[in-house]
Amino acid sequence: MKILFATAEAAPYIKIGGLGDVAAALPKALAQEGAEAAVVLPLYKSIKDRYHGELEYITSFSVPLAWRQVYCGIFRSMVGSVTYYFIDNEYYFLRDSVYGNYDDGERYAYFCKAVLEMLQHIDFFPDIIHANDWQCALIPLFLKAFYQNIEAYRPIKTMFTIHNIEYQGQTPYSFSEDVLGLPKEFMPDISFGGCLNFMFSAICLSDKVTTVSETYATELKMPYYGKEMSPVLSGISYKFCGITNGIDTELFDPQRDPHLFHRYSVKAMGGKKISKRRLREYLGLQQDEDAPILAMVSRLVGHKGLDLVEYVRHELLSRRLQLVVLGTGDERFENMFRELSYQYPERVSANIRFDQDLSSKIYAGCDLFLMPSKSEPCGLSQMIAMRYGAIPIVRETGGLADTVSPVNPEEGTGQGFTFKSYNAHDMLDAVDRALWFYYEKKPELKKVIRSNMEADFSWQSAAGRYMAIYKSM
Ligand code: GLC
């Protein structure tokens, strides 16, 4: 079974969010299940700068894009048994930023076309192209519109995975003439809501559609989460399902993680204490031995629930705890955390940046991990936090509901503290329950920490489910 996994990011080469982790871990897990897995992604500037020597040049050709012919170079590398292909075009990808350019629609339309065009030049025809998120969403449409006359393309099946419905890839109709060059009869396949919508086309045309947790798959059919796309997703129930992500348990392992101040395991927990002390030193926080560290490692954007934190921030900090934040995003939230760290310099540390090294140190050093998301397709941080021995505090939505079961404080069972309604004081109540548990229920706390660290968050069962669907296709 040959799988080509198309993605806009894949760790370690480039990682902006959870998609980057998934695109590294899932193909690796598929290879372990016996698939021949390859990944294709754009050759961004930062990859060129850092990995140039390791990438092997394969070939180049031109990609037809509406009325133009556009250059495409292919580079390759191997990570374990997974082959990585890189799409090179300096005009589109030699930029400092990955997303957020005015011409992202065109950049990723080019990427999708280049991925398909590449197959005949490298002589790799996969059984399945597994396309992820809006950036790869044009692949099923292009395959249908432009490649059916070539024999080798005809058997290829497509799977599309929604990692986040918030970003769909929308452009004006005129985009087709300038970039897509679609024959008229295909316009209904991509016209939705008064514009072109890349994700809509992938949802309609892919052989299978998945999303990254079971609860999110159900939620997406409801207007609160799926918005105008909810009836479309309800209409494709027959080919749509949720598969909850795992994490790479070799990479995220407090026994092996090279970024930690001190490594540890369930059997030798001393290192967690040291990690916490060193983290405080490192971030300039007060050494208040007893107080728990409440951490957030997140993109600082609206749907991650930051307005709840903003609303009760001073009440939250009237509790005996320290707050550590890492991430970037909307200026409003970045500044809110910066301001808090000025107001509570000994108890709040705001790290407004992307920092892999610090994120490991935070997972290891924190006691409580907050994810009050308004929506959360899956979420990986809560699983990493649990594996590193922290107790998550999450809203019961999407993958958070699927991966964090509520703690029973008397018995020391369950995994974390949860709340239902999107309400700041409900969140604060969950924090208060967690604090009470932390201070008053030490033996039960230890029990929960242990079982969190031992829980199975591996990709194995999810990879098995993907394989079963690929085979059914
Ligand atoms: C997106 C989602 C996140 C999910 C990740 C990987 O980043 O927001 O919830 O875990 O994709 O699927």
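**Basis.** I worked from a predicted model, in which local features need pLDDT of at least 70, side-chain atom pairs count only at pLDDT 80 or more, and totals for chains, interfaces and linings use all residues. Residues are numbered from 1 along each chain as its sequence is written, and side-chain values use heavy atoms, with hydrogens and water left out.

**Aromatic pairs.** I paired rings of Phe, Tyr and Trp (its six-membered ring) with centres within 6.5 Å, calling planes under 30 degrees apart stacked, over 60 edge-to-face and the rest tilted. Phe 142 and Phe 146 are tilted, because their centres lie 5.8 Å apart and their planes stand at 50°. Both belong to helix α5 (residues 139-146), where four residues, about one helical turn, separate them; helices are DSSP runs (H or I, at least four residues) numbered from the N terminus. I took buried as under 20% relative accessible area, exposed as over 50% and partly exposed as in between (1.4 Å probe, protein chains only). Phe 142 is buried at 0%, and Phe 146 is partly exposed at 24%. I then noted Phe 192 and Phe 200, a stacked pair with 4.6 Å between centres and 10° between planes; Phe 192 and Phe 200 are buried.

**Positive patch.** I looked for like charges joined within 9 Å, among residues with over 30% relative accessible area and no salt bridge (a side-chain nitrogen of Lys or Arg within 4 Å of a carboxyl oxygen of Asp or Glu). Lys 273, Lys 442, Lys 446 and Arg 450 form such a positive patch on the surface. Helix α19 (residues 442-454) supplies its largest share, three residues.

Methods:
Patches are made of residues with over 30% relative accessible area and no salt bridge: like charges are joined within 9 Å, nonpolar side chains (Val, Leu, Ile, Met, Phe, Trp, Tyr) within 5 Å. Accessible areas come from the Shrake-Rupley method with a 1.4 Å probe; for residues, only the protein chains shown count as cover. Lys and Arg count as positive and Asp and Glu as negative; His and the chain ends are not counted. The place of a charge is taken as NZ of Lys, CZ of Arg, CG of Asp or CD of Glu. Helices (H or I, at least four residues) and strands (E, at least two) are DSSP runs, numbered from the N terminus.
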